[in-house]
Amino acid sequence: MEGTGLAFELQQVSFAYGPEQPVLGDVTLDILQGSWVSLVGPNGCGKSTLAKLLGGLLAVNSGSIIVEGTPLLRETVQQIRPRIGMVFQNPDNQFIGATVEEDIAFGLEGRCLPRAEMVERVKRYADKLEIGHLLAKHPAELSGGQKQRVAVAAILAMEPGIVIFDEASSMLDEKARGELLNILREMKHSGKYTMISITHDAEEIMASDRAIVLRDGRIAADLKPRDLFGDEELLDSCRLIAPYEVRLVRELCRQGIRLPAGYCGEEVAEALWQLYSNK
Amino acid sequence: MAIVFEQVSFAYDERSLWRHSALEEVSLELGTGVFAAVAGSTGSGKSTLLQHFNGILKPTGGKVRVLDFTLQAGEKQPPLRELRRRVGLVFQFPEQQLFEDTVEKDLCFGPLNFGMGAEEARERASKALALVGLDDSFLPRNPFHLSGGQMRKVAIASVLAMDPDVIALDEPTATLDPQSRAELAELLSRLQREQGKTVIVVTHRMEEMLPYVDTWIVMKGGAKVFQGSPAELVRESGWLERECGLAVPACITTWNNIAARFGLEDEEPCLTSEKLAWRVARLLERPGQSIMREGGG
């Protein structure tokens with residue numbers, strides 16, 4: 001890692017697909033290298049558009065974006081893109097190979113890696129995402145969740161410094177979602193990645209360092225995930241719903257039963273039983 | 001019965017070396033006007049099951065009966081046009097279903113295709129869009145310039161515009177924001193309660209559908225391993241989680257923990273935070289006494 005210590009610096013970024021529909025207006029923010037930021041907000045608030053601007057897939061109408069110290073311009077975009085990996089909502093849009101193995105190898109071939117390293121990386125990341133047994137399969141034979149795991153493996157195999165997840169877990173089943181979340185946690189823990197995840201998932205937001213709330217193309221709040229879930233009004237305005245445990249503790253409180261926050265799983269039943277037997 | 005499966009099997013590439021089985025002798029019955037949900041881990045055959053409901057996939061073994069239509073393995077299939085009007089399918093990814101250059105054209109395509117007049121089709125389009133919570137300002141817009149969540153809502157509206165008797169949706173809530181998810185579940189429930197539609201949802205987010213669904217089906221490895229009421233699902237969630245890879249939501253595990261602690265196993269489960277908090281409050285009002293068997297609120 002080099003440069004300013006900032007992965008992204010955005011100054012008054014605006015964007016519209018057409019003159020009558022502005023999508024983002026006046027977005028100014030910094031993202032620290034090595035941090036994990038959640039972009040949250042209602043459907044249509046501009047989250048995915050912002051992700052595409054960060055990844056250099058769209059160009060700003062006005063304002064500026066600096067990536068790891070280099071301004072993101074038409075002349076520099078080819079040099080910046082290899083540092084950024086993007087995993088999208090719909091894995092069908094990013095499947096290139098005729099088999100899972102080819103698909104993971106495709107990006108590596110583009111980087112002209114030695115064959116031995118390609119083989120090693122394909123295997124390592126396939127194992128990590130638990131798709132080792134699918135390597136010979138055609139994408140059409142995979143379920144939605146399996147395809148998404150392939151897409152994540154293909155991006156991670158290129159070992160980018162910045163990874164943008166655009167609702168990457170939204171099509172996965174709960175189990176696979178939990179596994180992906182663990183992979184994100186490991187990535188964060190390794191300190192090698194700056195991560196930006198666009199998500200509605202409460203657990204994923206909680207696991208990140210910082211939540212940036214977008215509403216109508218503007219930054220409505222920029223705060224710690226814990227504070228976001230403590231602010232019912234803000235949650236409501238960005239159409240989020242707190243995790244079940246948080247809601248239960250809140251409802252119990254309305255019924256006059258006070259439990260300290262942060263209980264999970266069996267602890268809730270245990271704590272209530274204690275209250276019951278001590279009365 | 002709206003839908004009856006008799007030992008239905010389905011294999012992709014049935015006659016080739018690469019034959020691979022996706023459904024194995026599935027038998028099930030769903031009555032007219034039910035709200036059913038299909039759960040199960042990735043690759044368990046949920047989507048394959050759904051695609052049999054309007055003849056997109058035909059069984060390679062057994063018999064499927066949907067409304068008055070019968071699809072039987074090895075037999076010539078009846079004309080499917082009317083079946084496809086009466087059974088609306090919403091696929092896993094909305095952009096696969098959208099193709100016109102305005103939302104209005106997309107929504108009118110189905111009704112026009114099935115012989116409706118232009119004026120009526122437009123009316124239907126506007127109504128269907130309102131049902132999913134989008135106003136008429138979306139009609140002239142290009143569907144491919146919408147956000148992922150908005151595209152999904154339009155795709156669902158395009159199926160509602162045909163006014164089908166059976167609505168089958170494959171993971172309809174993925175990519176929607178949490179409140180839109182709750183609203184969609186509520187909308188589907190309203191269509192079922194007020195208009196008598198039969199609704200079948202494939203979902204891996206069980207919590208949001210739990211308050212509305214009356215029949216749960218759990219799939220594993222292409223076979224049906226469970227069909228029953230929400231209360232039965234809650235009681236059997238332990239082995240479904242352990243042996244079938246079912247991701248049981250926090251509201252069920254929390255209830256089961258509390259039910260086990262307080263001896264409430266025979267009660268109707270309280271699966272929302274409001275109901276559970278209310279039930280717990282009633283319990284704590286009478287500490288030390290035998291536990292009353294009162295309703296869940």
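**Notes on chains A and B**

1. Burial and surface of chain A. Of the 279 residues in chain A of this predicted model, 53% count as buried.

2. Fold and dimensions of chain A. The secondary structure of chain A consists of 11 helices and 10 strands. The C-alpha trace of chain A spans about 70 × 45 × 35 Å along its principal axes. When contacts in chain A between residues at least 6 apart in sequence are taken, 62% join residues at least 24 apart.

3. Charges of chain A. There are 30 positive and 40 negative charges in chain A, and their mean positions are 1 Å apart.

4. Confidence in chain B. Chain B has a mean pLDDT of 89, with 96% of its residues at 70 or more. Over residues 289-297 of chain B, pLDDT stays under 50; the model has 24 contacts beyond four places in sequence for this stretch.

5. Helix α3 of chain B. Just after α3(B) comes G115(B), with a positive phi of about 95 degrees.

6. T173(B). This residue sits in the loop between β7 (166-170) and α6 (178-195) of chain B. Is T173(B) buried or exposed? T173(B) counts as buried because its relative accessibility is 2%, against a cut-off of 20%. Apart from neighbours within four places in sequence, the contacts of T173(B) are R152(B), R181(B), L184(B), R205(B), E208(B) and M209(B).

7. E24(B). Strand β2 (residues 20-30) of chain B holds E24(B). With a relative accessible area of 42%, E24(B) is partly exposed. Neighbours within four places in sequence aside, E24(B) is in contact with V8(B), S9(B), G221(B), G222(B) and A223(B). One of these, G221(B), is 197 residues from E24(B) along the chain, and the two C-alpha atoms are separated by 8.2 Å.

Note on methods. Residues numbered from 1 in each chain as written. Chains lettered and ligands numbered in written order. Predicted model: local features only at pLDDT ≥ 70, side-chain atom pairs only at ≥ 80, totals over all residues. Heavy atoms only, no water. Helix = DSSP H or I, 4+ residues; strand = E, 2+ residues; numbered from the N terminus. Buried < 20%, exposed > 50% of the residue type's maximum accessible area, 1.4 Å probe, protein only. Contact = heavy atoms within 4.5 Å. Lys, Arg positive; Asp, Glu negative; His and termini not counted. Charge placed at Lys NZ, Arg CZ, Asp CG, Glu CD. pLDDT = per-residue confidence, 0-100.
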